[in-house]
Amino acid sequence: MIILIQAALSICEQIYGGTSFTTNYQMALAHQALAKALLVNKQFDGEEYMEHALEANRAAIDVIPGSHPRLALFSYTLGK
C-alpha cells in the first residue's frame with residue numbers, strides 16, 4: 001500500500017508541478033495520504049512520516065484559510 005501511494009505522490013508531483021491552488025491542495029492530499037499509510041502500517045518511528053505530515057500541513061496552510069474546517073484534517077494527521 002505504501003509503495004502504491006508513493007507512486008501516486010510521484011505522479012502527482014509530475015502532473016501538478018506548478019503553484020496554483022489545485023496544485024498545492026492536490027499535493028497536500030497526496031502527502032497526507034502517504035503519512036496516513038505510514039501511520040496505519042506502524043512505520044512512524046522514522047522521519048518519513050513526520051516529513052510527509054509536515055509537508056501536507058504546510059501545503060494546506062498555503063491554500064486553505066486558517067479558520068476553515070478542512071484545515072483541521074491536516075492538523076489532525078500531524079497530531080496537533
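1. A residue is called buried when its relative accessible area is under 20%, exposed when it is over 50%, and partly exposed in between, with a 1.4 Å probe and protein chains only. By that definition Met27, with a relative accessible area of 13%, is buried. Met27 is found in helix 2, where helices are DSSP runs of H or I with at least four residues, strands are runs of E with at least two, and both are numbered from the N terminus.

2. This is a predicted model, in which local features need a pLDDT of at least 70 and side-chain atom pairs count only at pLDDT 80 or more, while totals for chains, interfaces and linings use all residues. Residues are numbered from 1 along each chain as its sequence is written, and side-chain values use heavy atoms, with hydrogens and water left out.

3. On confidence, the protein has an average pLDDT (the predictor's confidence in each residue, from 0 to 100) of 81, and 90% of the residues score at least 70. Among the elements, the highest mean pLDDT, 87, belongs to helix 3 (residues 47-63), and the lowest, 81, to helix 4 (residues 70-78). Where pLDDT is low, the predicted coordinates should not be read in detail.

4. To return to Met27: which residues does Met27 touch, not counting those up to four places away in sequence? They are Leu9, Cys12, Glu13 and Tyr16, a contact being heavy atoms within 4.5 Å. Met27 and Gln43, by comparison, are 16 residues apart in sequence and 21 Å apart in space, C-alpha to C-alpha.

5. His31 also lies in helix 2 and is buried, with a relative accessible area of 8%. Its side chain is joined to that of His52 by a polar contact of 2.9 Å; such a contact is a pair of N or O atoms within 3.5 Å, where within protein one must be able to donate a hydrogen and the other to accept it, and residues adjacent in sequence count only if both atoms are side-chain atoms. Residues up to four places away in sequence aside, His31 touches Leu9, Glu13, His52, Glu55 and Ala56.

6. The loop between helix 2 (21-40) and helix 3 holds Asn41, which counts as partly exposed at 36% relative accessibility. A polar atom of the Asn41 side chain lies 3.0 Å from the backbone oxygen of Ala37. Beyond its neighbours within four places in sequence, Asn41 is in contact with Met1 and Ile2, and the C-alpha atoms of Asn41 and Met1, 40 residues apart in sequence, are 8.9 Å apart.

7. Lys42 lies in the loop between helix 2 and helix 3 and is exposed, with a relative accessible area of 66%. The phi of Lys42 is positive, at about 55°, although Lys42 is not a glycine.

8. Ala59, in helix 3, counts as buried at 3% relative accessibility. Leaving aside neighbours within four places in sequence, Ala59 is in contact with Asn24 and Ala28.

9. Finally, the helix pair: residues of helix 3 including Tyr49, Met50 and Ala53 meet a set in helix 4 that includes Leu71 and Phe74. The axes of helix 3 and helix 4 come within 9 Å and cross at roughly 160°, which makes helix 3 roughly antiparallel to helix 4. Axes are lines fitted to C-alpha atoms, for helices over the stretch in contact, with angles running from 0 to 180 degrees between N-to-C directions; angles under 35 degrees count as roughly parallel, over 145 as roughly antiparallel, 65 to 115 as roughly perpendicular and the rest as oblique.
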